[in-house]
Amino acid sequence: MEIPTEGRIVVSACLAGVACTHEAEAKTREWAVQLVASGRAVLVCPEVAGGLPIPRPAAEIVDGDGADVVAGRAHVISEEGADVTENYLAGARVAADAARGAGARLAVLKARSPSCGCGEIYGGGFNKELREGDGVTAAMLKTEGIEVISDDKIE
Ligand code: SF4
């Protein structure tokens, strides 16, 4: 799909050039940069907003997806074995508050992230296998009635 021509849109900060991934990289997409330039982007990095550093250990959702984490049925665990669920939930709440405050009805988030992934995330085994499901922030935004799209669906 193409980015709508009106309205504010929640965007994963790494897509707009912020080097905030767990490896301290950006995943810059031109449409995201243009949204920032036009003042329509609501940038959020939920993992940093939830108190995690840059760089940080990779993490995956174990025994479920983001909806399960929001419901208290699954956890987010770092590759070092730390339970970072509360950081992920806190970051998701920041994203939801930002979306509500901006009146955004759409979010375009980075594919496959345990926070931002939409429709597909890593499976919890730290072996690159994927599973169906959303990241924690994508799941929480959906509970707010916000449409969430993976960045790899944007042309
Ligand atoms: S949490 Fe989202 S915004 Fe932050 S680095 Fe990961 S994918 Fe990008």
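Helices here are DSSP runs of H or I with at least four residues, strands are runs of E with at least two, and both are numbered from the N terminus. The model is predicted: local features need pLDDT of at least 70, side-chain atom pairs count only at pLDDT 80 or more, and totals for chains, interfaces and linings use all residues. Residues are numbered from 1 along each chain as its sequence is written, and side-chain values use heavy atoms, with hydrogens and water left out.

**Stop 1: helix α5**

Select residues 136-143. This is α5, and 6 of its 8 residues are buried. Buried means under 20% relative accessible area, exposed means over 50%, and partly exposed lies in between (1.4 Å probe, protein chains only). Colour the buried ones: Val136, Thr137, Ala138, Ala139, Met140 and Leu141. Now step past the end of the helix. Gly145 follows α5, and its phi is positive, near 85 degrees.

**Stop 2: helix α1**

Move to residues 30-37, helix α1. Which residues of α1 are buried? They are Trp31, Ala32 and Leu35. Look down the axis of α1: the buried residues fall within an arc of 100 degrees, so they line one face of the helix. The arc is taken from the directions that run from the helix axis to the C-beta atoms. An α-helix has 3.6 residues a turn, so residues three or four places apart point the same way.

Turn the helix over. Glu30 and Ala37 are exposed on the other side of α1. Next, show the strands that the buried residues of α1 pack against: β1 (9-12), β2 (41-44) and β5 (106-109). Contact here means heavy atoms within 4.5 Å. Gly39 comes after α1, with a positive phi near 80 degrees.

**Stop 3**

Select Ser12, in strand β1. Ser12 counts as buried, at 1% relative accessibility. Show its contacts, leaving out residues up to four places away in sequence: Val44, Val108, Leu109, Lys110 and Cys116.

Then select Leu106, in strand β5. Is Leu106 buried or exposed? Leu106 is buried, with a relative accessible area of 9%. Beyond neighbours within four places in sequence, Leu106 is in contact with Pro4, Arg8, Ile9, Val10, Ile146, Glu147 and Ile149. Draw a distance from Leu106 to Thr85. These residues are 21 apart along the chain, and their C-alpha atoms are separated by 24 Å.

**Stop 4: the ligand**

Of the 14 residues around the ligand, Cys14, Cys20, Cys45, Glu47 and Cys116 come nearest. Colour the shell by type: 7 residues are nonpolar, 4 polar and 3 charged. In this scheme Ala, Val, Leu, Ile, Met, Phe, Trp, Tyr, Cys and Pro are nonpolar, Asp, Glu, Lys and Arg are charged, and the others, Gly among them, are polar.

**Stop 5: the loop between β1 and α1**

Thr21 lies in the loop between β1 and α1. Thr21 counts as buried, at 12% relative accessibility. Apart from neighbours within four places in sequence, Thr21 is in contact with Cys14, Lys27, Ile54 and Arg56.

Val18 is found in the loop between β1 and α1 too. Val18 is partly exposed, with a relative accessible area of 36%. Setting aside neighbours within four places in sequence, Val18 is in contact with Ala13, Glu25 and Ala26. Now draw a distance from Val18 to Cys118. The two are 100 residues apart in sequence and 20 Å apart in space, C-alpha to C-alpha.

**Stop 6**

Select Ile54 and Pro55. What joins Ile54 and Pro55? A cis peptide bond does, with omega about -10 degrees. Pro55 lies in the loop between α2 (46-49) and β3 (59-62).

Go on to Arg112, in the loop between β5 and β6 (120-122). Phi of Arg112 is positive, near 70 degrees, in a residue other than glycine. Arg112 is partly exposed, with a relative accessible area of 27%.

End at Phe126, in the loop between β6 and β7 (130-132). Phi of Phe126 is near 55 degrees, a positive value in a residue that is not glycine. At 33% relative accessibility, Phe126 counts as partly exposed.

Technical notes
A residue is near a molecule or strand if one of its heavy atoms lies within 4 Å of it.
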